[in-house]
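Visitor: I would like to learn how to read a protein model. Please take me through it, feature by feature.

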Amino acid sequence: MGTVGDEVNVDELGDIDWEEENNDSEEEFEANYEVDDENDDGDLAGNPAVQNEADAIVSQHPFGVPSFMRTLDLEAMHAPEFPEYANTGEGNVAAENGEFSVGMEFGSRESVISAIKSYTISREVDYTMYESEPQTFYAKCKGYGAGCDCLIRASLIRKKACWEIRRYNGKHTCTMGTISQDHAKLDSDTIADAIRPLVEADPSIKVKSVIAEVQGRFNYIVTYRKAWLAKQKAVAKVFGDWEVSYQTLPVWLKAMTVKMPRSHVQIKTLPVYRESEEVQGVRVLHRVFWSFYPCIVAFRHCKPLVQVDGTHLYGKYKGALLVAVAQDGNQNIVPIAFAIVEGETADAWEFFLTNLWRYVVTIDGVGIISDRHTSIDAAIARSNGAWSPPRA
């Protein structure tokens with residue numbers, strides 16, 4: 001499925017089983033999760049000691065927070081990167097005729113290159129990169145020396161902390177008639193930046209819709225592969241990439257158990273082998289089970305019945321999500337436990353049902369509803385009677 005990197009000290013993790021003592025005192029639970037006018041989110045945010053411990057866990061393993069989990073400052077988002085320069089922007093050509101001019105300033109190297117790309121795409125011309133260094137970008141028209149003298153050079157100006165156009169020979173005097181359906185500079189990175197708002201609004205956007213958006217915006221028809229790759233890059237920019245998400249999973253879960261005591265988490269990992277030798281510092285996520293303590297307590301007030309089901313995951317690492325739900329007296333559905341496993345196998349269901357019984361159900365006389373998948377039946381048969389009459 002995914003790897004847990006050495007950023008979270010996997011050599012010390014192994015199979016993680018965070019089993020806090022299960023205190024059945026509802027008075028203690030209600031005291032910890034007291035709801036008042038100042039803090040009604042039902043957690044321990046008001047406890048400075050718990051908050052500090054959770055913050056300490058996360059701070060030991062720094063990682064980038066996905067953009068969709070941040071508090072957005074709209075004014076800051078639209079502010080120029082270097083406000084002291086009026087014409088500084090992320091690839092925004094300020095000239096009235098859309099042309100570059102010597103002295104134009106940009107906030108970063110990336111914004112300069114983005115502006116040049118946008119210029120060549122919109123004018124159906126192309127350029128060849130002549131020099132690309134950390135402090136310099138120099139490009140010439142592909143028809144340079146054959147009827148077109150257009151070239152552009154931008155450099156980093158340290159005193160101004162910005163990039164500046166240092167040389168520009170004027171607009172193109174050529175056309176690239178061979179460019180018809182696609183453009184070499186309209187790459188997947190450029191498209192990813194263009195469709196990012198669409199992906200933020202709908203991560204499941206179809207690739208055909210991406211192609212249509214590119215055609216409408218740039219007047220080019222890109223290949224399916226390029227559009228698909230651009231969507232993957234846009235998803236990674238918005239929600240974070242798969243590797244980082246899996247690497248930080250133990251940190252998030254550990255912080256959750258500290259912030260929400262008596263929640264239960266169990267992570268099973270497997271070693272990684274390369275040419276029959278175990279790779280140190282890297283383990284592969286095999287299975288993870290978790291149940292929030294408020295859900296565990298809520299189940300005590302539900303009907304003595306649980307329903308279990310699974311659904312396939314279609315991300316990079318596949319697998320399956322297993323869920324158990326109950327129903328309260330008002331017919332509301334209450335989720336009580338979750339697991340991510342390698343698939344709907346008998347071993348995976350046994351892992352889930354064993355933890356569900358151990359941490360959540362804990363009493364006899366609770367019925368189970370399922371679709372009677374063969375793997376579920378096999379797991380129940382292995383449960384030593386925990387999910388069979390007369391105990392269930």
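Visitor: Which residues does Ile152 touch, not counting residues up to four places away in sequence?

Guide: This is a predicted model. In it, Ile152 touches Phe100, Ile116, Phe137, Tyr138, Ala139, Ile165, Arg167 and Tyr168, with residues up to four places away in sequence left out. One of these, Tyr138, is 14 residues from Ile152 in sequence, and the two C-alpha atoms are 5.9 Å apart in space.

Visitor: Where is Ile152 placed, and is Ile152 buried or exposed?

Guide: Ile152 belongs to strand β6, which covers residues 151–157. A residue counts as buried when its relative accessible area is under 20%. Ile152 has 6%, so Ile152 is buried.

Visitor: What is the general idea behind burial?

Guide: In soluble globular proteins, nonpolar side chains tend to be buried together. Here, buried residues make up 43% of the 392 residues in the protein.

Visitor: Which residues touch the most other members in the largest nonpolar core?

Guide: That core has 33 residues, and those with the most contacts to other members are Phe299, Ile336, Phe352, Leu353, Leu356 and Trp387. Elements that give two or more residues to this core are α10, β10, β11, β12, α11 and α12. The largest share, ten residues, comes from α11. As for Leu353, its contacts are Val308, Ile368, Ala379, Ile380 and Trp387, leaving aside neighbours within four places in sequence. There is also a second, separate core of 20 residues, including Phe106, Ile113, Cys148 and Tyr168.

Visitor: Is Ser188 buried or exposed, and what does Ser188 touch?

Guide: The cut-off is used again here. Ser188 has a relative accessible area of 9%, so Ser188 is buried. Ser188 lies in helix α6, residues 188–201. Apart from residues up to four places away in sequence, Ser188 touches Lys226, Leu229, Ala230 and Lys233. With Lys233 there is a polar contact of 2.8 Å between the side chains.

Visitor: Which residues form a nonpolar patch on the surface?

Guide: Tyr224, Trp228 and Leu229 do, and together they have about 310 Å² of accessible area. Tyr224 is in helix α8, residues 224–239. The protein exposes about 21,500 Å², of which carbon and sulfur atoms supply 51%.

Visitor: How many helices and strands does the protein have?

Guide: Twelve helices and 13 strands. Of the contacts in the protein with a separation of 6 or more, 62% are between residues 24 or more positions apart.

How values were computed. Residues are numbered from 1 along each chain as its sequence is written. This is a predicted model: local features need pLDDT of at least 70, side-chain atom pairs count only at pLDDT 80 or more; totals for chains, interfaces and linings use all residues. Side-chain values use heavy atoms; hydrogens and water are left out. Patches are made of residues with over 30% relative accessible area and no salt bridge: like charges are joined within 9 Å, nonpolar side chains (Val, Leu, Ile, Met, Phe, Trp, Tyr) within 5 Å. Accessible areas come from the Shrake-Rupley method with a 1.4 Å probe; for residues, only the protein chains shown count as cover. A salt bridge is a side-chain nitrogen of Lys or Arg within 4 Å of a carboxyl oxygen of Asp or Glu. Helices (H or I, at least four residues) and strands (E, at least two) are DSSP runs, numbered from the N terminus. Buried means under 20% relative accessible area, exposed over 50%, partly exposed in between (1.4 Å probe, protein chains only). Contact means heavy atoms within 4.5 Å. A polar contact is a pair of N or O atoms within 3.5 Å; within protein, one must be able to donate a hydrogen and the other to accept it, and residues adjacent in sequence count only if both atoms are side-chain atoms. A nonpolar core is a set of buried Ala, Val, Leu, Ile, Met, Phe, Trp, Tyr and Cys residues joined through side-chain atoms within 4.5 Å.
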